[in-house]
Amino acid sequence: MPTRPERGVAMQASSQTIEVEIAARTAADRRHVVFDLVAAEGGDLPPWTAGSHIELRWVSDGQEYVRQYSLCGESFSGPVWRIAVLREKKSRGGSAFLCDQAKVGMRFQARGPRNNFPFVPHRRVTLIGAGIGITPILPMAFEAQAQGCDWRLLYLVCERQDVCLRESLDKLPPERVSYRYTAETGRMNLDEWAGTLGDGDAVFVCGPLRLLDDLVAIHEARPVWKLHLERFENPNKTSAGGDAGFDLVLARSGKTYRVEPGETILDVLRRDGWQLEWSCCEGVCGTCEQVVLQGVPDHRDAVLTPEERQANSHMMICVSRALTPSITLDL
Ligand code: FES
């Protein structure tokens, strides 16, 4: 099964909000823009680890945007955070704003870094970045190189002109980096490729849902190697559990609320003035995670692993509901 870090260790994030400013923007290729962000006040930004993301918040035309971007620089400390933004065809407005309107000097509120997808050294490491999924994967290559791992990086990208972060990729040992241009070669035969993996191999992958789902299925059929993945989209938002209302009990504060169909635990608590951490509201970033003391969650996130779901000890309150008439959280 895919693995995730121990709770409370690698996932710890800075909840401090920092004002950041665009120091540079570069059109990386025809579809991506790379931004270098610095602290508006100057000085170093919080250090980060490979696989981390940050949250950016801004307001445009009266609408608030909250988006998460993987850090994709080459060094893990210093005054600059680098992100790459894909101009999405079906943008909800965030990527279109950044790609088309965000200029040098523009300021944003930033939080993080948070890491749900940390790099862990293994005997042999394969890093796979597909499309914009290259962003958390690239720093892992620098980390793997620094740690002396036996690693390789495979970048799956539609066409040659879609390669993002080329300058950084060119700084890696070329014999360890390969590209697959899917418009030319077609889809990779994952079954055949995964058949070459064995004990001691670990795969870190980020990319579209279909790639990740296929790799999970292949891995479950022959789990002799390790799989670490990060999803940018949540395939689990609907559930057989339906949308029924339930009681929400908060053990430490002694409060009880009703969560009605169509609203989330996070909605209910924010409405009552709770100052909780949240970010994506999509079940992908892990920011809103809470400890479950009683009841069975209806997990609808893309963060927890199957083992963690079975444990029912944590839940993402922006999307997950309850399968029992009530659920008790450690709040
Ligand atoms: S706010 Fe991102 S997972 Fe809930």
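**Working through the model**

Q: What is the relative accessible area of Arg187?
A: Arg187 has 40%, so this residue counts as partly exposed. Here buried is under 20% relative accessible area, exposed is over 50%, and partly exposed is in between, with a 1.4 Å probe and protein chains only.

Q: Before I go on, what am I looking at, and how is it numbered?
A: The model is predicted: local features need pLDDT of at least 70, side-chain atom pairs count only at pLDDT 80 or more, and totals for chains, interfaces and linings use all residues. Residues are numbered from 1 along each chain as its sequence is written, and side-chain values use heavy atoms, leaving out hydrogens and water.

Q: OK, back to Arg187. Which side chain does Arg187 meet in a salt bridge?
A: Asp214, at 2.9 Å from N to O. A salt bridge means a side-chain nitrogen of Lys or Arg within 4 Å of a carboxyl oxygen of Asp or Glu.

Q: Where do Asp214 and Arg187 sit in the chain?
A: In distant parts, 27 residues apart. Asp214 is in helix H6 (residues 209–221), while Arg187 is in the loop between helix H4 (182–185) and helix H5 (190–194). Helices (H or I, at least four residues) and strands (E, at least two) are DSSP runs, numbered from the N terminus.

Q: And how accessible is Asp214?
A: Partly exposed, at 25%.

Q: Which residues do salt bridges with shared partners join into one network?
A: Glu55, Arg57, Glu64, Arg111 and Glu277. Within that set, Glu64 pairs with Arg57, and their closest N and O atoms are 3.8 Å apart.

Q: Of those two, how accessible is Glu64, and how accessible is Arg57?
A: Glu64 is partly exposed, at 46%. Arg57 is buried, at 18%.

Q: How many salt bridges does the whole structure have?
A: A search finds 21. One of them joins Glu19 and Arg107, with the closest N and O atoms 3.7 Å apart. That pair also links distant parts of the chain: Glu19 in strand S1 (residues 17–27) and Arg107 in strand S6 (residues 107–114), 88 residues apart. Glu19 is partly exposed at 32%, and Arg107 is partly exposed at 42%.

Q: What about positive phi in residues other than glycine?
A: Asp61 is one, with phi near 50°. Asp61 lies in the loop between strand S3 (53–60) and S4 and is exposed, at 81% relative accessibility. Cys281 is another, with phi of about 55°. Cys281 is in the loop between helix H7 (265–271) and strand S14 (289–294) and is partly exposed, at 34%.

Q: Switching to helix H2. Why does its length make sense?
A: Its 13 residues (134–146) should span 18 Å at 1.5 Å a residue, and the end C-alpha atoms are 19 Å apart, which agrees. The expected span is 1.5 Å times one less than the number of residues.

Q: Is H2 mostly covered or mostly open?
A: Mostly covered, with 11 of its 13 residues buried. Among them are Ile134, Leu138, Met140, Phe142 and Glu143.

Q: What follows H2?
A: Gly148, whose phi is positive, near 70°.

Q: Now pockets. How much space lies in the largest one?
A: About 1,600 Å³. A pocket is an open set of points on a 1 Å grid over the protein atoms alone, where a 1.4 Å probe fits, with protein on both sides within 12 Å along at least five of seven lines. Points are joined across faces, edges and corners, and the volume is the space filled by probe spheres set on them.

Q: Which residues lie nearest its centre?
A: Leu86, Glu88, Ile132, Phe232 and Glu233, out of 48 lining residues. Lining residues have an atom within 4 Å of a point.

Q: Which element gives the largest share of that lining?
A: S4, with five residues.

Q: And what is the lining by class?
A: The largest pocket is lined by 19 nonpolar, 15 polar and 14 charged residues. Ala, Val, Leu, Ile, Met, Phe, Trp, Tyr, Cys and Pro count as nonpolar, Asp, Glu, Lys and Arg as charged, and the others, Gly among them, as polar.
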